[in-house]
Amino acid sequence: MGESSDSLSIDIDLIPLGGKEFTVKTSKGSVSVLVCGDQEKPALITYPDVALNYVSCFQGLLFCPEAASLLLHNFCIYHIDAPGHELGADVISSDEPLLCVDDIADQVAEVLDFFGLKEVLCLGVTAGAYILTLFAMKYKERVLGLILVTPICRAPSWAEWLYNKVLMNLLYFYGMCSLLKECLLQRYFSKELRGSVQGAELDIILTCRRLLDERQSLNVMRFLQAINVRQDLTEGLKNLQCKTLIFAGESSPFHDESVYMSTKIDRKICALVEVQACGSLVTEEHPNSMIFPLECFLMGFGYQRQQYFASSSSNGSNPASPSGNHSCIAPELLSPASLGIKLKPIRTRVDVEI
C-alpha cells in the first residue's frame with residue numbers, strides 16, 4: 001500500500017477488534033476503514049447495515065472462537081463503514097453532495113485501490129449486502145465471493161419507502177430519539193430477542209442502543225436516503241459470476257426478499273441458509289449458526305479453520321492465497337446436501353435454542 005497525501009492513517013487501540021484505522025479520501029468523499037490483521041493475507045471486506053458500524057455489526061461474529069479461527073486466521077479484514085458512521089465521526093457538511101448507491105459502490109472500489117487489493121471476498125449485512133452486491137456487479141473481476149446476511153436486492157416497496165421516509169424525518173427533526181432506536185432494533189433483531197427477559201440476550205439490545213447513541217443522525221439519514229432510492233438488481237443477479245452464500249434471519253422484515261434474491265442467482269453458485277428465531281442481524285443475534293456454512297463455503301476457496309487459534313496466532317503463520325483455486329470451488333460444497341438440507345432445494349434451516 002502506498003502512502004498518499006490524500007489519505008490519513010490513524011493508529012488506534014480499539015476493543016474488541018483491534019487493528020488500525022484509516023481515513024481514505026475518495027472522489028466521492030472520505031471513508032473510514034479499520035484494517036484487522038496482516039495485510040499480506042487475502043482480503044475480506046465488510047460493510048454494515050444502516051446506522052451500524054463494524055463494532056455494532058460484526059463483533060458478535062468475530063467474538064466466536066470458531067469464527068475467529070476461520071476468518072482472522074485466513075484473512076486481513078477491511079471493515080468499511082458507511083460515510084459518517086465511524087466512531088467519533090463529525091456531521092457531514094450539508095455542502096457535500098448526497099451519494100447514491102452507485103457512488104457508494106464506487107467508493108468501495110477506490111478503497112480497494114488505496115490498499116492495493118485486486119480481488120476480495122465480501123461480507124455485508126442488509127443495506128451493506130446490497131452495496132457489496134452492486135459492487136460485485138460493477139466490478140466482477142474484483143470479487144471472488146459474496147457472503148450476504150439478510151440481503152436486499154429490489155427497489156423499496158411503497159411500504160418500505162414510506163417507512164424509511166418517516167425514519168428520515170425522525171432523524172432530521174429529533175435525532176437518534178427513543179422511537180427511532182426502537183424502529184431500528186425491530187429492523188435488526190427478532191421479536192423473540194427484543195422481548196426476552198434473559199440478561200445475556202438483553203445485553204445485546206442494550207449495547208446496540210448505546211452504540212446507536214454514538215451515531216450522527218444526519219449522517220445516518222444520508223445513507224438511508226441513498227438506500228431508499230436504490231434500483232432493482234434482479235436482472236443483474238442472473239449474470240452474477242461469484243460464489244454466493246446467503247444467510248436469512250426468518251424473523252427479519254427482509255426475510256422474503258433474501259429468499260427471493262437466492263432464487264435469482266444461478267443455483268450452481270448460490271446457497272441459502274435460513275436461521276430460525278433470528279432478525280436481520282444474524283452476525284450479532286445468532287453468530288454461531290453461521291460458522292459451519294461459512295466453513296463449507298470457504299473450504300472451496302482453499303481456506304480451513306485453524307484448530308488452535310490462540311496458540312497459532314502468535315507465530316505469524318500466514319495462509320497462502322489460493323489465487324489459482326478461487327474459480328474451482330467444488331460445487332458439492334455449496335450443494336443442498338453439504339449444508340444439511342432436508343426441506344427444499346438450496347434451503348437449509350438452522351435451529352437455534354431460545
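**View 1. Thr 150 in the loop between S7 and helix H5 (158-174)****.** Thr 150 lies in the loop that links S7 to helix H5 (158-174), where helices (H or I, at least four residues) and strands (E, at least two) are DSSP runs numbered from the N terminus. The model is a predicted one, in which local features need pLDDT of at least 70 and side-chain atom pairs count only at pLDDT 80 or more, while totals for chains, interfaces and linings use all residues. Residues are numbered from 1 along each chain as its sequence is written, and side-chain values use heavy atoms, with hydrogens and water left out. Thr 150 counts as buried because its relative accessibility is 0%; buried means under 20% relative accessible area, exposed over 50%, and partly exposed in between (1.4 Å probe, protein chains only). Leaving aside neighbours within four places in sequence, Thr 150 is in contact with residues including Thr 126, Phe 247, Ser 252, Gly 279 and Val 282, contact being heavy atoms within 4.5 Å. The C-alpha atoms of Thr 150 and Glu 250 are separated by 9.0 Å, although the two residues are 100 residues apart along the chain.

**View 2. Strand S6 (residues 120-125) and its pairing with strand S7 (residues 143-149)****.** Strand S6 is mostly covered, with six of its six residues buried. Val 120, Cys 122 and Gly 124 point one way from S6, whereas Leu 121, Leu 123 and Val 125 point the other way. S6 and S7 pair in the parallel sense over six bridges, two strands being paired if DSSP finds at least two bridges between them. In this pairing, Val 120 stands opposite Val 143 in S7. From S6 the chain crosses through helix H4 (residues 127-138) to S7 in a right-handed β-α-β crossover, a term that applies if, with the strands pointing away from the viewer, the path from the first strand over the helix to the second runs clockwise.

**View 3. Strand S4 (residues 43-47) and the strands that pair with it, S6** **and S5 (residues 76-80)****.** S4 is mostly covered, and five of its five residues are buried. Ala 43, Ile 45 and Tyr 47 point one way from S4, with Leu 44 and Thr 46 pointing the other way. S4 and S6 run parallel and are joined by four bridges; Ile 45 has Cys 122 in S6 as its bridge partner, and Tyr 47 stands opposite Gly 124 in S6. With S5, S4 also pairs in the parallel sense, over four bridges, and here Ala 43 stands opposite Cys 76. In the loop between strand S3 (29-36) and S4 lies Asp 38, which counts as partly exposed because its relative accessibility is 35%.

**View 4. The packing of helix H1 (residues 54-63) against helix H2 (residues 65-74)****.** H1 and H2 pack at an angle of about 100 degrees, with their axes 5 Å apart. That angle makes H1 roughly perpendicular to H2, a term that covers 65 to 115 degrees, whereas angles under 35 degrees count as roughly parallel, over 145 as roughly antiparallel and the rest as oblique. Leu 61, Leu 62 and Phe 63 in H1 meet Pro 65, Ala 67, Ala 68, Leu 71 and Leu 72 in H2. By class, this contact has eight nonpolar, no polar and no charged residues.

Methods: Axes fitted to C-alpha atoms, helices over the stretch in contact; angles between N-to-C directions. Nonpolar A, V, L, I, M, F, W, Y, C, P; charged D, E, K, R; others polar.
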